[in-house]
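Subject: Structure handover

Hello,

Here is the structure I promised to pass on. Please open it first, then read the notes below it.

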Amino acid sequence: AKQLRRLADAVEAESATEGPGAVAAALGELGMEFVRHRMPPQVREDEVRLVGLRDVVFVDASAVALQPILEDVDEDAARMLHCASNARKNHMMNHPPETTAQGHEEAEEEAMEADEVLPDPGQILSGTVANALRYLCNSEPKTLQELLKEAEIPEGSWQEVCQVLTQLAAMGLAKVKETPEAKASQPCKAKKRRIK
């Protein structure tokens with residue numbers, strides 16, 4: 001009970017300060033660890049729409065983690081990690097390669113290679129893009145333009161936000177719903193082929 005009280009006091013004290021502190025960094029680290037072991041989504045679409053300002057975007061908040069970068073000049077900058085590159089076979093735990101009498105040497109080589117795989121370092125997002133993504137994950141569905149205005153994201157950063165959301169949609173971590181207004185404003189469909 002004492003530990004929880006100390007944690008609650010630390011969270012309360014940190015909420016009174018500006019910018020992320022040690023508690024936010026610790027929570028970010030826990031989120032990153034969860035995402036590193038989460039099962040990746042199965043992507044079935046061959047094409048993905050480019051995200052536009054009139055689209056409604058749903059981001060799977062459990063598949064993306066934003067960790068504050070404390071030493072960055074941009075105080076809201078964050079490192080984004082996602083589960084799309086996780087191996088489906090190694091969900092929540094690593095499995096040793098199957099061994100047979102003949103393939104024993106090959107299995108040892110595979111195990112050595114698997115041990116050498118470095119974790120994804122994540123993608124660095126500017127403070128405005130990270131704030132937009134945080135706001136989007138915690139908001140009711142609206143058009144992207146409405147959400148960006150509500151979050152007070154500068155218009156100069158809107159294109160960068162659209163690019164990150166298009167990237168997340170291509171990996172199956174975000175769903176894009178085209179509104180009738182967006183459909184009417186596009187003379188031809190703007191689609192981007194997935195890179196396999």
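Start with H37, which is partly exposed, with a relative accessible area of 35%. Buried here means under 20% relative accessible area, exposed over 50%, and partly exposed in between (1.4 Å probe, protein chains only). H37 sits in helix α2. H37 and H82 are 45 residues apart in sequence, and their C-alpha atoms are 9.8 Å apart in space.

Some ground rules. This is a predicted model: local features need pLDDT of at least 70, side-chain atom pairs count only at pLDDT 80 or more, and totals for chains, interfaces and linings use all residues. Residues are numbered from 1 along each chain as its sequence is written, and side-chain values use heavy atoms, with hydrogens and water left out.

**Confidence**

pLDDT is the predictor's confidence in each residue, from 0 to 100. Its mean for the protein is 75. Of the residues, 67% reach 70 or more. Among the elements, α5 has the highest mean, 95. Strand β7 (residues 191-193) has the lowest, 52. Where pLDDT is low, the predicted coordinates should not be read in detail.

**Overall layout**

The protein has seven helices and seven strands. Both are DSSP runs, numbered from the N terminus: helices are H or I with at least four residues, strands are E with at least two. From the N terminus, the order is α-α-β-β-β-β-α-β-α-α-α-β-α-β.

Of the 196 residues, 31% count as buried. The protein exposes about 13200 Å², and carbon and sulfur atoms supply 53% of that. Accessible areas come from the Shrake-Rupley method with a 1.4 Å probe; for residues, only the protein chains shown count as cover.

Contact means heavy atoms within 4.5 Å. Take the contacts with a separation of 6 or more: residues 24 or more positions apart account for 76% of them.

**The core**

A nonpolar core is a set of buried Ala, Val, Leu, Ile, Met, Phe, Trp, Tyr and Cys residues joined through side-chain atoms within 4.5 Å. The largest one has 34 residues. Those with the most contacts inside it are V59, M80, L125, L133, L165 and L168. At least two residues of this core come from each of α2 (22-37), β2 (56-59), β3 (64-68), β4 (78-82), α4 (127-137), α5 (144-150) and α6. The largest share, seven residues, comes from α6.

**Helix α6**

Helix α6 covers residues 158-170. The expected span of a helix is 1.5 Å times one less than its number of residues. For the 13 residues of α6 that gives 18 Å, and the end C-alpha atoms are 18 Å apart, so the two agree.

Its buried residues are W158, V161, C162, V164, L165, T166, L168 and A169. L165 is in contact with V51, V57, V59, L133, L136, L144 and A174, leaving aside neighbours within four places in sequence. Just after α6, G172 takes a positive phi of about 85°.

In α4, the buried residues are G127, V129, A130, A132, L133 and L136. Their cover includes β2, β3, β4, β5 (123-125), α5 and α6.

T143 lies in the loop between α4 and α5. T143 is buried, with a relative accessible area of 17%. Not counting residues up to four places away in sequence, T143 touches L53, R54, D55, V56 and T179.

E152 lies in the loop between α5 and α6. E152 is exposed, at 70% relative accessible area. Its phi is near 60°, a positive value in a residue other than glycine.

**Cysteines**

C162 counts as buried, at 6% relative accessibility. C137 is partly exposed, at 27%.

A13 is in helix α1 (residues 2-15). A13 is partly exposed, with a relative accessible area of 48%. A13 and V23 are 10 residues apart along the chain, with 9.8 Å between their C-alpha atoms.

L27 is in helix α2. At 55% relative accessibility, L27 counts as exposed. L27 and Q67 are 40 residues apart in sequence and 8.2 Å apart in space, C-alpha to C-alpha.

Best wishes
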